[in-house]
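Hi,

Here is the structure I promised to pass on. Please open it alongside this note and have a look while you read.

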Amino acid sequence: MPAQFLMPRLGESVDEATLTKWLKKQGESVRELEPLLEVNTDKVDTELPSPASGVLLAVLVEEGATVRVGTPLAWIGEPGEALPKERAPAVAAVEVSVSVQEAPAQPSPASGNRGFISPVVARIAAEQGVDLSKVSGTGLGGRITKKDVLAYVEGRAAAPQAAEGTPVQSGLPAGAAPAATIPPRPVQPAGQAGEAGFIPHTPVRRSIAEHMTFSKRTSPHVTTVMEADLSAIVAHRQAHKAEFAQKGVNLTFTAYFVAASVAALKAHPLVNASWEEQGIRLHRDIHIGMATSLGEAGLIVPVIHHADGLSLVGLARAINDLANRARSRELKPDEVKGGTFTITNHGVSSSLFATPIINQPQCAILGVGAIQKRVVVVESEALGETIAIRPMVYLSLTFDHRILDGEAADGFLAKVVEYLESWEKA
């Protein structure tokens with residue numbers, strides 16, 4: 001009897017994933033626990049092992065399809081073994097695999113039958129006031145995807161301009177985007193005169209674009225900027241790097257910025273919150289997302305869960321572990337979920353300050369610029385005002401103006417600065 005391979009649950013809150021690549025072709029042999037296919041969820045690529053040894057008798061889902069947990073993905077059995085008649089794949093096998101629920105080949109908006117609607121699509125539609133019966137689905141079997149809903153919202157917003165003869169602008173707003181553990185996108189040769197090449201969108205890149213565009217549409221973004229003197233931090237790090245190294249921990253500046261953010265979030269709990277239609281939800285626990293560079297592959301945002309319960313050593317160890325496993329593509333889906341506040345250290349590429357995009361549904365994101373020695377005016381009781389060279393950093397806080405006003409945001413950022421500048425007393 002052949003074995004049916006179903007889409008497994010990859011995490012507590014992971015209900016669906018995008019099949020990005022089959023690692024075996026139909027008809028090829030496969031060993032039990034050998035990687036069979038690659039899926040992506042929330043910008044994390046995960047290899048799924050084969051549940052049995054044998055031959056890949058039938059592939060039921062094509063690359064690029066988004067599937068729910070429990071969806072049949074493939075059949076594995078002995079060479080030439082027949083599949084159960086009631087489960088035999090059709091000529092276009094992918095048509096039976098989009099979701100656990102049955103979906104018509106072409107849902108009819110007039111009949112109100114829209115096929116399977118994922119929770120993500122339903123949430124976006126509700127937030128944007130979209131009637132899904134008016135949205136044309138481009139997914140398999142006519143399924144409405146997240147991209148379809150966002151495209152409908154984009155077209156609805158641009159309609160008045162188009163009616164007046166104003167060209168409708170396409171493209172995405174600029175800003176740093178949490179990205180994914182994906183290889184550099186291949187450039188195809190130019191197909192038209194004047195083109196230097198063409199880079200096809202990957203499923204992950206589409207997901208990033210949708211998330212960033214959705215964030216800009218969802219909340220009014222405002223950015224405030226302050227600078228901090230890191231003399232105390234630099235001195236403490238220099239004095240304790242060797243001690244941390246003996247414990248197998250690399251003491252980076254990121255650990256200090258996370259610690260300062262935790263202290264500020266405790267003092268200003270409104271920043272550790274999310275907007276809901278009926279009110280503002282305050283989060284009891286502090287889960288810090290940290291944007292991690294993957295070079296040409298982009299960025300990903302692993303989460304330090306319960307950061308408020310960790311010491312500086314614990315934070316540094318967690319940062320090392322998450323960053324290393326992010327770059328080696330070993331993160332689990334749950335490790336990029338549940339963040340309540342995000343830090344992005346754009347200063348690693350020499351950027352002084354930036355206006356990052358909020359990682360929805362969070363309230364704010366802290367941008368950390370490059371640490372530079374600059375000439376500043378220093379005040380002391382003994383010497384009064386003097387000129388000194390200090391290691392300085394610009395800190396930018398982009399916040400949701402529905403939740404925070406300028407005074408509250410400035411109070412939070414000032415607390416971050418205070419914590420960093422008075423580290424010896426912290």
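Below is what came out of it, strands to begin with and then the rings.

A word on the source: this is a predicted model, with local features needing pLDDT of at least 70, side-chain atom pairs counted only at pLDDT 80 or more, and totals for chains, interfaces and linings using all residues. Residues are numbered from 1 along each chain as its sequence is written, and side-chain values use heavy atoms, leaving out hydrogens and water.

Four strands make an open sheet in the order S5-S4-S2-S7, with antiparallel pairing. (Strands are DSSP runs of E, at least two residues, and helices are runs of H or I, at least four, numbered from the N terminus; two strands pair if DSSP finds at least two bridges between them.) At the edges are S5 (44-49) and S7 (66-68), each pairing on one side only. S4 (residues 35-41) pairs with S5 over six bridges, and Pro35 stands opposite Pro49.

Further along, S10 (residues 273-276) and S11 (residues 279-282) run antiparallel, joined by four bridges. They form a hairpin with two residues between them, and Ser274 has Arg281 as its bridge partner.

Now the rings: there are four aromatic pairs (ring centres within 6.5 Å, using the six-membered ring of Trp; planes under 30 degrees apart are stacked, over 60 edge-to-face, the rest tilted). One of them, Tyr256 with Trp423, is edge-to-face, at 4.9 Å centre to centre and 70° between the planes. Tyr256 sits in helix H5 (residues 253-267) and Trp423 in the segment after helix H7 (406-421), 167 residues apart. Both are buried, meaning under 20% relative accessible area with a 1.4 Å probe, protein chains only. Ring pairs also link Tyr256, Tyr419 and Trp423 into a cluster.

Best wishes

Conventions:
Buried means under 20% relative accessible area, exposed over 50%, partly exposed in between (1.4 Å probe, protein chains only).
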